[in-house]
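Biologist: Could you take me through this model? I have it open here.

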Amino acid sequence: MASETTVPPVRGLPIAFYGTIIHSLDVNTLEIMHNCLLIVDGDGKIQKIAKDTPQAKINDLVVETGYTPDVFPVKYLNRGDFIIPGFVDTHHHAPQWAQRGMGRDQTLLDWLNNVTFAHERKFEDPAYARKMYSACVSAGIRLGTTAAAYYGSLHGPATKILADICLEQGQRAFVGKCNMNRHSPDWYREPSAQDSLKQTQELISHIRRIDAEGKLVKPIITPRFAITCDDELLSGLGKIAANDPEIHIQTHFNEAADEMQFTRQLFPQFKHEAELYEHFGLLGPKTILAHSIFLEEDEINHIKSKGCGIAHCPIATATLGEFMMAPIREYLRRDIKVGLGTDVGGGFSCSILDAMRQAFIISKARETLTKGADPALTLHEGFFLATLGGAQVCDIDSKVGNFIEGKEFDALEIHTVDTEGNNDIGCGSVGIVTPIEDDDSAEVIFEKFLMTGDDRNIAKVYIRGSSLKS
Ligand SMILES: O=c1[nH]c(=O)c2nc[nH]c2[nH]1
C-alpha cells in the first residue's frame with residue numbers, strides 16, 4: 001500500500017549565519033543588519049538575532065544560547081552574500097504552469113474560454129497532475145518562493161495531489177480547488193453545487209489529514225469568481241467558512257471590464273462585488289482578493305473594514321487583455337494588506353522578483369497618470385510586498401515574513417559573487433547580476449540583486465530552517 005504524504009521533519013539540528021541579514025520591519029522600514037549572528041534552532045525557529053556582533057564575540061553568544069562552539073556550525077557569509085526572507089506568492093494558478101503567457105491578446109473571459117479551461121481540463125488525469133505539479137512547485141522553490149496561495153483546477157483528486165506535492169517538497173502553501181458550476185464549457189464545469197461542495201470538503205479533510213497542524217499546507221476555499229458560481233454554491237462555501245474560522249478564502253475580484261459587467265448582470269441586487277462576496281460570507285481577514293483593480297470608494301472601505309488582503313499581480317494585469325493598474329498606493333495609504341502574486345499563467349513569469357519589478361513599472365505609470373498624486377513604489381516598498389506584505393495577506397505574518405526571534409526561518413541565501421570573488425563574467429553561478437564593485441555598500445548590492453538578479457543568485461532556500469535548494 002502506498003504510504004500517505006506527511007509533514008517532512010524539520011532539520012533537527014541548529015544552524016547559524018554570520019554576516020549581512022536584510023528584512024522589512026514594516027512597509028516603510030527596511031533593516032540591514034551588519035555583522036549579524038542569526039541562530040536557528042533544531043525546530044526551524046529563529047532563536048537569536050545579534051546585530052553588530054564582532055567576530056570575536058560569536059563563541060560567547062553561541063554558549064549563551066546553549067550550544068557548544070566547537071561543534072556548532074556557523075556559516076560565515078562573504079561580502080556580496082546576504083540573507084533575506086523567502087518570497088510569498090499570494091496568487092498562483094498551479095494548473096496553468098505550462099500555459100504561462102499564452103493568449104495575451106484576448107480579454108479575460110475569452111482567454112478563459114479559449115485557452116485556459118482546455119488546459120486545466122487535462123488535470124482530470126492524476127498522472128499528468130503529478131508530473132506538472134511536481135515541476136511547478138520545484139520551479140517556485142528554485143525561484144525563492146517559500147510560501148504560495150495556489151488555485152488548483154476544478155478536480156478534487158488532482159488538487160489533493162498538489163497538496164501532497166507541496167508537502168513532499170516542503171513548500172509552505174495554501175491549496176484550493178476551483179469551485180465552478182456554471183458559465184464555463186460543459187466539459188469543464190462541475191455538475192452541481194452539491195458536488196462542488198462535497199469535493200471541497202473532501203479536499204479540506206485530506207489536507208488536514210496529511211498536515212494536521214497546518215505546519216506547511218493549509219486548505220483554502222476557492223470560488224473561482226462569482227461568474228462561475230451560482231447562489232447555492234456561494235452560500236454553501238460561505239457556510240463552510242462560517243463553521244471553520246481557521247479556513248482561508250481566495251477569489252478574483254474586480255479584475256477586468258468584461259468580468260465586472262457580467263458579474264453585475266448576474267447579481268443586479270448588489271451594488272458592487274464587495275457587497276456580493278460579503279453577502280455570501282466570503283470576506284474576512286483570511287480572504288485574499290486577487291487583482292482588485294477598479295474599486296469604488298465604498299468598496300475600498302468595505303474590504304478594509306473586513307481586513308481582507310489584496311494579491312497584486314502586475315504582470316497579468318499589464319499583459320493579459322487591456323493594460324490595467326491596481327491603485328496600490330491608495331491601498332497602502334489606507335493600511336490595507338497588499339502582497340505580490342505571479343498569477344501564473346495569466347502572468348508569464350513564476351518569479352516574485354519579476355512581479356516586483358513589474359510592480360515598479362506599473363506604479364511609475366500610475367504616478368505619471370495621476371500627475372504625482374500616487375507616487376511610484378520605492379525599492380523598500382517593493383521588497384516589503386514580496387516578503388512581509390505577502391505574509392500579511394496570507395495571514396501568516398506571525399510565523400514568517402521577516403526575521404524576528406520566535407518566527408520560523410523561511411529565508412533565501414543570496415550570492416552575488418562567486419567563490420573566486422568574481423561576478424562580472426556574465427555567466428556561471430552568479431549569472432548576469434550587475435557587477436559588484438569594491439566600494440558598493442550592502443544596500444547597493446541588495447538593490448543590484450533586486451533589480452538584476454535571478455534564480456542563479458538564490459544559492460539556498462530555507463523553509464522552517466531546512467535547506468531545499470542545494
Ligand atoms: O487571472 C485570472 N486567471 C484565472 O484563471 C481566472 N479565472 C477567473 N478569473 C481569472 N483571472
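Biologist: Which elements make the right-handed β-α-β unit?
Modeller: The unit consists of β10 (residues 217-223), helix α6 (residues 231-242) and β11. Right-handed means that, with the strands pointing away from the viewer, the path from the first strand over the helix to the second runs clockwise. Helices (H or I, at least four residues) and strands (E, at least two) are DSSP runs, numbered from the N terminus.

Biologist: What is the basis of the model and its numbering?
Modeller: This is a predicted model, in which local features need pLDDT of at least 70 and side-chain atom pairs count only at pLDDT 80 or more, while totals for chains, interfaces and linings use all residues. Residues are numbered from 1 along each chain as its sequence is written.

Biologist: How many bridges join β10 to β11?
Modeller: Two bridges join these parallel strands, and I221 stands opposite I249 of β11. Strands pair if DSSP finds at least two bridges between them.

Biologist: And which residue in β12 is the bridge partner of H252?
Modeller: That partner is A290. β12 (residues 287-291) pairs with β11 in the parallel sense, over five bridges.

Biologist: Is β11 buried or exposed?
Modeller: Six of the six residues of β11 (residues 248-253) are buried, so the strand is largely enclosed by the rest of the structure. A residue is buried if 20 or more other C-beta atoms lie within 10 Å of its own, exposed if 12 or fewer, and partly exposed in between, with C-beta atoms placed from the backbone.

Biologist: Which residues cover each face?
Modeller: H248, Q250 and H252 are buried on one side, and I249, T251 and F253 are buried on the other. In a regular strand the side chains alternate between the two faces of the sheet.

Biologist: Turning to the ligand, which residues surround it?
Modeller: Among them are H93, R224, F225, H252, E255 and D343; a residue counts as near if its C-beta atom, placed from the backbone, lies within 6 Å. Helix α2 (residues 108-121) gives the largest share of the shell, three residues.

Biologist: Where is the cis peptide bond?
Modeller: A cis bond joins V344 and G345, with omega about 0°. G345 is in the loop between β14 (337-340) and α12 (352-369).

Biologist: What about phi of K371?
Modeller: Phi of K371 is near 55°, a positive value in a residue other than glycine. K371 lies in the loop between α12 and α13 (379-393), and counts as exposed, with 7 C-beta neighbours inside 10 Å.
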